[in-house]
Amino acid sequence: MPVSRRTFLKFTAGAVSCSAFTGLGISLAPAMAQAEILKFQKTTITTTVCCYCAVGCGLLVHTADEGKGRSVNVEGDPDHPVNEGALCAKGAAMRQMAENKARPPKPMYRAAGAKEWKEVEWDWAYAEIAKRVKAERDASFTLKNSKGETVNRTETMVSLGSAALDNEECWSYQAIQRALGLVHIEHQARI
Amino acid sequence: MTNYWEDISNSDCVLMMGCNPAENHPISFKWVLRAKDKGATLIHVDPRFTRTTGHCQLSAHLRSGSDIAFIGGMINYILANKLFFADYMREYTNASFVVGSKFSFKDGLFSGFDAKKKVYDKSTWAFEMDANGVPVRDDSFKNPRCVLNLLQKHFERYTLDAVTAATGTSKEDLLAVYKAFASTGTAERSGTIMYAMGYTQKTVGVQNIRSMSIVQLLLGNIGVAGGGVNALRGESNVQGSTDQGLLANILPGYIDVPKSSFAKYEDWVKASTPVSKDPKSVNWWGNKPKYIASLLKSMYPEATLEEAFQMLPKVDAHRKMTDYFWLNIFERMHKGEMKGLFAWGMNPACGGANAQKNREAMGKLKWLVNVNLYENETSSFWKGPGMKPESIKTEVFFLPCAASYEKEGSVTNSSRVVQWRYRGPHPLNNVKPDGDIMLELFKEIRGMYEKDGGAYPDPIKALNIADWEEHNEYSPRKVARLLNGYFLKDVTINGTTYTKGQQVPSFAMLQADGSTTSGCWVLCGMQPAADKHLGMRRDKTATEMQANLSMTPNWAWAWPVNRRIIYNRASVDATGKPFAPQKAVIAWKDGKWVGDVVDGGGDPGTKHPFIMQTHGMGALFGPGREDGPFPEHYEPMESPLKKHGFSNQRVNPVAYLLPTEKLAIADAKFPHICTTYRVTEHWQTGLMTRRQEWLLEAEPEVFCEMNPALAKSIGINNGDRVLLSSPRGEVNAVAMVTERIQSFTIMGKEVHQIGLPWHYGWVTPNFGGDSANLLTSSVGEPNTGIPETKAFMANVRKA
Ligand code: SF4
């Protein structure tokens with residue numbers, strides 16, 4: 001697929017699908033577009049689906065083959081039957097969601113009464129969370145309810161989320177929470 | 001959605017109500033505009049004039065919380081003028097069913113109401129059965145207790161005068177909308193309804209959808225191209241996360257969670273499986289024993305079904321399900337009864353109703369684990385406005401996760417289409433995909449139980465994580481195989497032998513005896529071979545008939561069984577001939593079905609079309625809901641009225657309501673009707689959009705829309721800072737004085753409507769404002785428990 005066509009589609013997407021978002025047309029000045037064409041030459045393209053609403057628009061992610069291997073461009077997938085290359089403002093800004101300095105590089109911990117976060121290692125976080133989950137589960141686990149019926153559950157732990165996870169993760173997540181004995185499992189669909 | 005996005009373009013009339021697709025589902029609007037190009041009438045019914053309204057030939061303004069009155073008037077109009085599609089209604093809906101003599105409706109209350117417990121005894125709404133256990137039908141519609149006559153009687157009170165008094169919509173606008181939409185009640189024409197949270201976030205949310213379903217069934221608009229009842233889902237995978245059972249009341253595949261009253265596996269299966277004695281009813285849920293067994297075997301393959309059942313946690317049979325839902329969780333958390341919280345990819349400090357209560361509630365936890373891309377109002381609630389960190393004892397763990405395109409897996413869009421996403425770059429800073437985080441954490445917990453023992457370790461030790469892992473990493477591809485399901489031993493079905501380990505080709509082959517796994521039966525068929533995931537397909541070929549409907553059946557895969565229009569059997573007559581040949585969905589040709597994947601199978605005329613309904617018929621009368629078999633107008637829990645015109649029952653009598661909730665009812669301190677909404681450039685709590693320069697530049701801060709008359713009366717100019725308040729909290733915003741939002745005359749009283757977007761939060765950007773949910777109340781819908789965040793009372797004044 002020639003680059004020029006794709007670039008054309010990108011502009012079309014900004015202009016046609018999203019009259020509300022006039023900023024896009026301005027920010028993609030010709031010079032910038034030229035720079036992006038150069039970037040395309042050493043990238044790998046993968047397809048994805050928008051992380052925002054459930055229209056499920058298709059996108060192309062261009063990941064640099066060299067350097068830090070980051071995504072250098074994200075745009076509408078012209079072959080996708082629903083969006084046909086177009087995106088709304090959110091989909092068009094998806095790259096800024098992933099390539100963003102605000103993303104914390106490491107887990108963080110806030111102790112009781114503390115005023116600040118502390119960066120921690122993954123293994124430490126897993127071990128400390130696991131200890132707390134186990135302690136709470138062991139303390140609260142109920143084999144029988146007030147009527148003497150078998151319930152095998154804990155009522156003091158709660159899980160909220162997550163409609164942003166992939167199907168596979170959602171399934172594993174519910175399996176884990178139910179294996180732990182949680183009955184308070186809720187997510188975005190409830191609100 | 002019963003239909004799919006592209007199918008909207010096949011519609012003759014698109015009714016958008018409780019949604020704003022041009023701004024909130026912008027690319028869906030491409031297909032709405034294509035319908036318009038082909039001659040369709042577009043209608044928007046909403047409290048505000050939005051970009052959606054701007055494209056519509058017809059629009060009607062109604063005040064937030066009066067949808068049932070509006071649609072009830074349409075039902076009355078259709079019935080009084082006999083504008084229904086008679087053949088469809090008689091043959092494919094329960095219009096002719098006779099309801100038992102115990103049913104009644106009086107002054108806003110259905111029969112069986114227990115005033116003390118605030119529940120209905122639904123057995124009083126049961127159909128009359130014949131000697132064979134099949135519902136009695138009166139196709140001549142003479143029996144006064146047949147559904148059609150009861151429906152007519154129920155809605156004849158919804159006159160134009162009564163509806164206008166409740167909605168504030170003019171009679172001319174009502175009639176214009178009713179007339180346009182009712183014009184689709186013929187064989188050839190179809191109308192569709194698109195709705196979103198404007199319908200569901202009400203104390204009558206389910207009945208809002210029911211009312212529109214009744215219209216669609218009367219007009220013969222379900223199962224057809226350009227028709228259906230279409231929920232515009234707001235999150236990329238909220239369809240999928242619901243399918244996977246991340247809710248207190250359902251397990252994956254919409255299987256009811258087991259209750260404490262079920263002592264044995266058998267009790268659960270029996271109570272969950274409906275029975276139909278009608279030979280023409282497919283009664284699809286009759287297959288539930290296979291789905292339940294396959295789900296349990298996916299979680300616990302080594303255990304017997306009985307053992308696996310014992311390992312599942314149970315909810316109390318003697319409590320209402322809403323006790324386990326969101327609002328009650330926060331009520332209990334606020335009382336200090338909850339100790340640990342996982343907020344995984346979610347921001348309840350902004351997203352939940354009565355957000356301040358939620359923020360305070362989190363301060364009573366022992367610990368909170370938040371997994372997200374960025375720091376947010378939930379992870380950092382302890383340093384938010386008004387919080388004293390030194391006195392908040394909650395320990396908080398923040399785990400950063402990969403972005404959607406830094407990992408792989410599938411998501412299911414609103415059309416039920418499961419699409420695979422591939423990994424582009426690796427996760428930034430080596431943060432981890434959610435799947436790895438949950439697996440590693442679970443292995444840590446399991447390790448502790450294996451080493452030290454603990455309370456009831458059986459399910460933790462037995463959980464089948466072997467099927468999730470490859471090379472010590474979480475493998476979405478492997479889990480996808482499990483979601484589809486595979487044979488646990490060699491099984492012969494109708495002469496074909498499937499070998500142990502082989503993928504189950506379709507849910508028809510799932511077994512009730514524990515010889516198959518399937519994590520989520522609706523997804524069975526998605527991965528018919530270990531290396532073949534149909535969600536990865538990018539093939540746009542289609543037959544001429546499919547292409548005529550912009551259907552791409554070879555692009556990815558839709559549940560169930562790649563059916564793109566649910567209940568499509570209702571689009572043909574008893575001989576298999578399409579009602580609308582120019583946009584046929586399926587047809588019986590040369591002894592087989594062509595077009596979409598037919599619902600129910602078998603020859604034409606042999607099956608009732610609504611295969612998920614026990615009796616196979618579209619439910620004009622819906623005896624399964626908590627709040628009545630017919631929709632009825634009630635005021636939102638908070639409203640300007642002490643009394644409305646339909647009955648003396650002011651609000652939904654069985655709505656979820658806490659005795660402690662502070663409410664504004666006809667309260668002069670909070671005189672305006674308020675609602676919340678989204679803008680194109682932000683998404684949900686804004687967590688994933690408030691960090692992007694482009695989006696922030698376009699929509700930097702919270703604003704409050706109000707009409708010029710109101711603004712003038714309280715001395716506010718466009719652009720002034722204002723303070724909104726409700727009994728729950730306050731939000732500072734910029735005034736947007738606009739004609740787009742008008743006042744209404746309701747029951748002779750003039751009231752103003754105001755509204756604000758809910759995407760903001762104190763963490764970022766600076767001066768962007770805080771969540772609109774600081775204002776909303778924690779009252780809930782009785783079936784779903786969804787809070788009423790789209791209609792509440794507020795005040796606004798100069799800040
Ligand atoms: S690009 Fe816009 S319309 Fe498309 S899925 Fe994303 S948020 Fe929805």
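**Note on the predicted model: sheet, helices and ligand site**

1. In chain B, five strands make up an open sheet with parallel pairing, ordered S3-S2-S1-S8-S9. Its edge strands are S3 (58–61) and S9 (229–231) of chain B, each of which pairs on one side only. On average, neighbouring strands of this sheet are turned by 15 degrees against each other, direction ignored. The model is a predicted one.

2. Strand S2 (residues 41–46) of chain B pairs with S3(B) in the parallel sense, over four bridges. B:Val45 has B:Ala60 in S3(B) as its bridge partner.

3. Helix H2 (residues 28–37) of chain B packs on the sheet and touches S1 (13–17), S2 and S8 (191–195) of chain B. The direction of H2 makes about 140 degrees with that of S1(B). Helix H10 (residues 205–218) of chain B lies across S1, S8 and S9 of chain B, and runs at about 170 degrees to S8(B).

4. Helices H4 (residues 67–80) and H6 (residues 147–155) of chain B pack at an angle of about 125 degrees, and their axes are 9 Å apart. H4(B) and H6(B) are therefore oblique to each other. Their crossing is left-handed. H4(B) contributes B:Gly72, B:Ile75, B:Asn76 and B:Leu79 to the contact, and H6(B) contributes B:Leu148, B:Leu151, B:Gln152 and B:Phe155. By class, this contact has five nonpolar, three polar and no charged residues.

5. The ligand lies between chains A and B. Residues around the ligand include A:Cys50, A:Tyr52, A:Cys53, A:Lys90, B:Pro26 and B:Ile27. By class, the shell around the ligand has nine nonpolar, two polar and one charged residues.

Notes. Residues numbered from 1 in each chain as written. Chains lettered and ligands numbered in written order. Predicted model: local features only at pLDDT ≥ 70, side-chain atom pairs only at ≥ 80, totals over all residues. Heavy atoms only, no water. Axes fitted to C-alpha atoms, helices over the stretch in contact; angles between N-to-C directions. Helix = DSSP H or I, 4+ residues; strand = E, 2+ residues; numbered from the N terminus. Parallel < 35°, antiparallel > 145°, perpendicular 65-115°, else oblique. Left-handed = near helix turned anticlockwise from the far one by under 90°. Contact = heavy atoms within 4.5 Å. Nonpolar A, V, L, I, M, F, W, Y, C, P; charged D, E, K, R; others polar. Near = heavy atom within 4 Å. Pairing = 2+ DSSP bridges.
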